[in-house]
Amino acid sequence: STFVGASFGGIAELYAQIQKAIGATERVFELLEETPEEINVEANGAHEKIKGNVAFNNVAFSYPSRKEIEVLKNVSFTAEFGQKIAIVGPSGAGKSTISSLLLRFYDISSGVITVDGKNIYDYDLENLRGNMSIVPQDVILFGGTIKENIAYGKPDATDEEIIQAAKQANAFNFVNGFPEKFETLVGERGVKLSGGQRQRIAIARALLKNPSILILDEATSSLDSESEKLVQEALEILMEGRTSIIIAHRLSTIRSADKILVLDNGKITEEGTHQELINLENGIYKNLSNLQFTHN
Ligand code: ATP
């Protein structure tokens, strides 16, 4: 990956490497504790369609296993129907935690989170999650066919719908290239897919589920540039007409966001568009964008 602005040269590089190393250890926890839930989120469609207005009001949160540390402090923001909200900030700032709370993986300590004006804890959980999809950094598919993996969020999908979703997700060509096409097995006993291919399967799955709210955790390490382009195109289509909350690492995503939230040590310290934030003298965003974001 390339870093924006090379003026700090080696220091910028070193800083980024340290950030990555810290991130990697934390992700081991996430992988162990959160991945099964992330997959489960995709399992059900909505029985009642929501619009997708999201609001956090003075939300505070500590993980049950570490009650003494407040991971989020007075977090407030809104994401209106159809908007793209980019969350940026240093590793450990609490970005993934925000998405876990929206998905109701944990109970908040204080404050209110609403979807379409209604407290998320007043929703039927399946219905709430039925209206949401996650495309995580590292997509893990379950052992089964590609078709089953795509149809996971809509078990009654027709073959035509599955093919259509795969086409929109830029997955059709590589899937169709396998001898067994959509019946190809993935996972331990099946073909090994690249990170970008797995992401495109997850995008096809989300397209089929057709959620009102999309949570996107952008990869920190870049895929090869061809795969990157195909994933990016597919994501643009997926985000269309939905509320997207993006844990963002790519400058292009951040620039096109309706709103950027800068999270630092559990607090939103800056909020605005790229242009607004880049003009804040000594702003955290300004520093981050010099050091951290990938170019593509
Ligand atoms: P990154 O960019 O590295 O993914 P982040 O901004 O998404 O970081 P979070 O993953 O939300 O940060 O973590 C915020 C804080 O909460 C960190 O201090 C982290 O160690 C802690 N944390 C994250 N997940 C858990 C967990 N399951 N149990 C306990 N503490 C956790």
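The legends below describe close-up views of a predicted model.

**View 1. Overall composition of the chain.** The chain comprises 296 residues, of which 39% count as buried. Its secondary structure amounts to 11 helices and 12 strands. Of the contacts in the chain that link residues at least 6 apart in sequence, 76% connect residues at least 24 apart.

View 2. The strands follow the order 2-1-4-5, and their pairing is antiparallel. Strand 2 (72-79) and strand 5 (118-119) form the edges, each pairing on one side only. Helix 2, spanning residues 95-102, packs on the sheet and touches strand 1, strand 2 and strand 4. The direction of helix 2 makes about 115° with that of strand 1.

**View 3. The pairing of strand 1 with strand 4.** Strand 1 covers residues 54-61 and strand 4 covers residues 110-115. The two strands run antiparallel and are joined by five bridges. Within this pairing, Ala60 stands opposite Ser110, a residue of strand 4.

**View 4. The surroundings of Val54.** Val54 belongs to strand 1. Because 24 C-beta neighbours lie inside 10 Å, and the criterion for burial is 20 or more, Val54 counts as buried. When neighbours within four places in sequence are left aside, the residues in contact with Val54 are Thr78, Ala79, Leu102, Val115, Ile213 and Thr243.

**View 5. Val54 and Gln137.** These two residues are separated by 83 residues in sequence. In space, the C-alpha to C-alpha distance between Val54 and Gln137 is 22 Å.

Conventions
Residues numbered from 1 in each chain as written. Predicted model: local features only at pLDDT ≥ 70, side-chain atom pairs only at ≥ 80, totals over all residues. Pairing = 2+ DSSP bridges. Helix = DSSP H or I, 4+ residues; strand = E, 2+ residues; numbered from the N terminus. Contact = placed C-beta atoms within 7 Å. Axes fitted to C-alpha atoms, helices over the stretch in contact; angles between N-to-C directions. Buried ≥ 20, exposed ≤ 12 C-beta atoms within 10 Å, placed from the backbone.
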